[in-house]
Amino acid sequence: MGMYVAGIDIGGTNLKFGIFNERGIRLYMRVLRSVPGQPDATADQIAGLIKASPIRVSMIGIGVPGTVFKPSGEVFSGNLRWPGVKFGKMLEEKIGLPVWMDNDAQAALAAETLPGGSCFGLDTAVYLTLGTGIGGALLIGGRPWRGHDNAAGELGHFVTHAGGLKCACGMKGCFEMYASAGALARLSGGVRARSVIDRVRNGDERMHEALKAYAAEVALGICSLYMIFRPQAIVLGGGVSAAGDILGNEILSAIPEGYNFTREDIQKAFRFATRGNDAGMAGAAKLAVLNLIKENA
Ligand SMILES: [Zn+2]
């Protein structure tokens with residue numbers, strides 16, 4: 001009999017629960033409304049899902065929109081309203097199975113390294129989620145890059161506009177303030193990111209100008225990240241990436257020439273995430289296998 005792993009993606013709206021075999025194929029899925037601000041109730045939801053599942057799992061991987069500090073295990077998440085919750089330990093005690101907690105961008109990147117993903121077989125990659133904020137994750141030497149306390153990868157918080165807009169992180173002028181979905185809404189005069197894209201598709205010239213200005217901001221960040229990491233892939237995920245080529249083409253045409261890279265270098269590295277809705281679950285399951293089996297070996 002094979003080994004089965006639960007991969008869970010806890011967002012501010014939904015809790016997605018999937019069971020995967022060792023080849024990363026999903027065999028079972030359930031979706032519940034998440035209960036932000038109530039970690040205990042969230043652990044009960046997961047315990048209930050495990051109990052009700054027709055497949056017995058041997059471990060659990062969880063991705064959350066926030067920072068998972070190690071070794072303390074404290075999870076800080078604004079979206080989930082978890083102010084330093086030791087959720088992994090809490091859940092392990094409740095269900096008696098090993099739990100691996102991770103950041104959701106790390107999980108999304110791990111999913112992209114599975115067969116069929118945009119980073120399958122790659123050694124070095126940069127993953128950016130362009131959503132309400134900007135999340136990030138790094139693959140270096142074929143492994144997730146974690147930093148000393150597991151909090152690495154906050155790619156929304158390098159400064160692209162010194163002295164610019166004040167960011168929630170405490171600095172001014174962060175990339176996130178200029179290249180998130182919120183920034184696109186600001187550049188378009190308050191139109192939501194998704195509507196901006198729709199209007200551009202319908203030939204709205206003013207929205208096209210806003211999208212161009214936004215794409216130039218994204219391109220600036222991508223160039224910096226390319227020079228720092230020299231990745232084989234720079235992957236765009238998150239809500240804004242659903243715009244696809246209409247955004248991708250504007251970003252690529254905003255790449256400046258004359259640095260220590262060519263537009264073709266970036267063109268070659270640039271890609272959209274290919275795993276859809278199940279990326280968070282699949283990646284969390286993969287990270288559980290990577291980390292828990294190694295830990296127990
Ligand atoms: Zn910031």
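**Entry 1: α1 and α2**

I began with helix α1, residues 39–52, and helix α2, residues 87–95. Their axes lie 10 Å apart, and the helices pack at an angle of about 45°. That angle makes α1 oblique to α2. I noted that this is a predicted model.

Next I looked up the hand of the crossing. α1 and α2 cross in a right-handed way.

Then I asked which residues of α1 meet α2. I found P39, A43, I46, A47 and I50 on the α1 side. On the α2 side I listed F87, M90, L91, K94 and I95. I sorted the residues of this contact by class: nine are nonpolar, none is polar and one is charged.

**Entry 2: α6 and α7**

I moved on to helix α6, residues 193–201, and helix α7, residues 205–229. They pack with their axes 8 Å apart, at an angle of about 125°. Why do I call α6 and α7 oblique to each other? Angles under 35 degrees count as roughly parallel, over 145 as roughly antiparallel, and 65 to 115 as roughly perpendicular; the rest are oblique. The angle here is about 125°, so α6 and α7 are oblique to each other.

I wrote down a left-handed crossing for α6 and α7. From α6, the contact takes in V196, R199 and V200. From α7 it takes in M207, H208, A210 and L211. By class I have five nonpolar residues, one polar and one charged.

**Entry 3: α7 and α8**

I stayed with α7 and turned to helix α8, residues 245–253. How do the axes of α7 and α8 cross? They cross at roughly 60° and come within 8 Å. The crossing of α7 past α8 is right-handed.

I listed the α7 residues that meet α8: L211, K212, A215, V218, A219 and I222. Their partners in α8 are L247, E250 and I251. This contact has seven nonpolar residues, no polar ones and two charged ones. I marked L211 in my list, as L211 meets α6 and also meets α8.

**Entry 4: β2 and β3**

Last, I looked at two strands. Strand β2 covers residues 14–20, and strand β3 covers residues 26–33. In which sense do they pair, and over how many bridges? The pairing is antiparallel and runs over seven bridges. I picked out F17, which stands opposite R30 in β3.

I then followed the chain through the turn. β2 and β3 form a hairpin, with five residues between them. G24 sits in that turn and has a positive phi of about 80°.

Methods:
Residues numbered from 1 in each chain as written. Predicted model: local features only at pLDDT ≥ 70, side-chain atom pairs only at ≥ 80, totals over all residues. Axes fitted to C-alpha atoms, helices over the stretch in contact; angles between N-to-C directions. Helix = DSSP H or I, 4+ residues; strand = E, 2+ residues; numbered from the N terminus. Left-handed = near helix turned anticlockwise from the far one by under 90°. Contact = placed C-beta atoms within 7 Å. Nonpolar A, V, L, I, M, F, W, Y, C, P; charged D, E, K, R; others polar. Pairing = 2+ DSSP bridges.
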